[in-house]
Structures are given as C-alpha cells and as structure tokens.
Amino acid sequence: MIPPRRAGQRPHFIEVQDKVDTPTETGFTSQWVTVAAAWASIEPAASTERVVASTTQAPATHLVTLDYDARIKATHSVLFGTRRLHIVGPPQNVDERNVTLVLPCEERAA
C-alpha cells in the first residue's frame, strides 16, 4: 500500500529491492524482495549508446533522490511502477549528513 503523499514531498513512489536466491527442489529461484519504499524524485542524467553482443543498446540513465536510508546498497535496484532501474554506483549520501540519498541508476532492456 502506498502511503499518502504530503505537500512538498517528492513526486514518485518507489520500492528499493534486493534480488534473493531461494533454494528449491531443482536448484535455486531468484525473486525481488522490497528493502525500502519511499517517495523519490527521478531525473534523467544522461543518454548514451553502447554496443553489446553486436546489438546497439541505449539505456536511459537516471538519478533517483530520496530520504536517507542506510539499508540501501549498490547491489539493489529501484522499482518505479513497472520499470526497473539498476543502481550502478555507490549510493551518494549528500553532504554526508544522512538526510538525502542519491542513487545513480540505469534502466536496462529486459
């Protein structure tokens, strides 16, 4: 359930998730588990193209800004609606004040 948004709060509701491997009878299965949920701002940072396995990919790169949360790690991803943004660098604790966190993210094709 999404908590109500207060006036002046960041406009997008996100979930920060971790990929967890669970043992099964035939091996392991992976699933995304929510670590944190928050209101955030999401801004495009850059658009670049790259060639991977002879195909051109143009990932959309974003900066996700939210209230500081020490549980968030670079190995997590951000679920924004139906879109998944992968954290591609260390979370940035703005001014080292434990108030605002900026996540450098990349949206990848499925």
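Modeller: Let's start with Asn93, which sits in strand 8 (residues 92-93); strands (E, at least two residues) are DSSP runs numbered from the N terminus. Heads-up: this is a predicted model, where local features need pLDDT of at least 70, side-chain atom pairs count only at pLDDT 80 or more, and totals for chains, interfaces and linings use all residues. Residues are numbered from 1 along each chain as its sequence is written, and side-chain values use heavy atoms, leaving out hydrogens and water.

Colleague: Is Asn93 buried or exposed?

Modeller: Buried means under 20% relative accessible area, exposed over 50%, partly exposed in between (1.4 Å probe, protein chains only). Asn93 has a relative accessible area of 15%, so the label is buried.

Colleague: Which residues does Asn93 touch, not counting those up to four places away in sequence?

Modeller: Contact here means heavy atoms within 4.5 Å. With that cut-off, Asn93 touches Tyr68, Asn98, Val99, Thr100 and Leu101.

Colleague: How far apart in the chain are Arg10 and Asp67?

Modeller: Their side chains meet in a salt bridge at 2.8 Å, N to O (a side-chain nitrogen of Lys or Arg within 4 Å of a carboxyl oxygen of Asp or Glu). Arg10 lies in the segment before strand 1 (12-24) and Asp67 in strand 5 (residues 60-67), so this pair links distant parts of the chain, 57 residues apart.

Colleague: Which class does Asp69 fall in, buried or exposed?

Modeller: Asp69 pairs with Arg71 in a salt bridge (2.6 Å, N to O). Asp69 has 16% relative accessibility, so Asp69 counts as buried.

Conventions. Helices (H or I, at least four residues) and strands (E, at least two) are DSSP runs, numbered from the N terminus.
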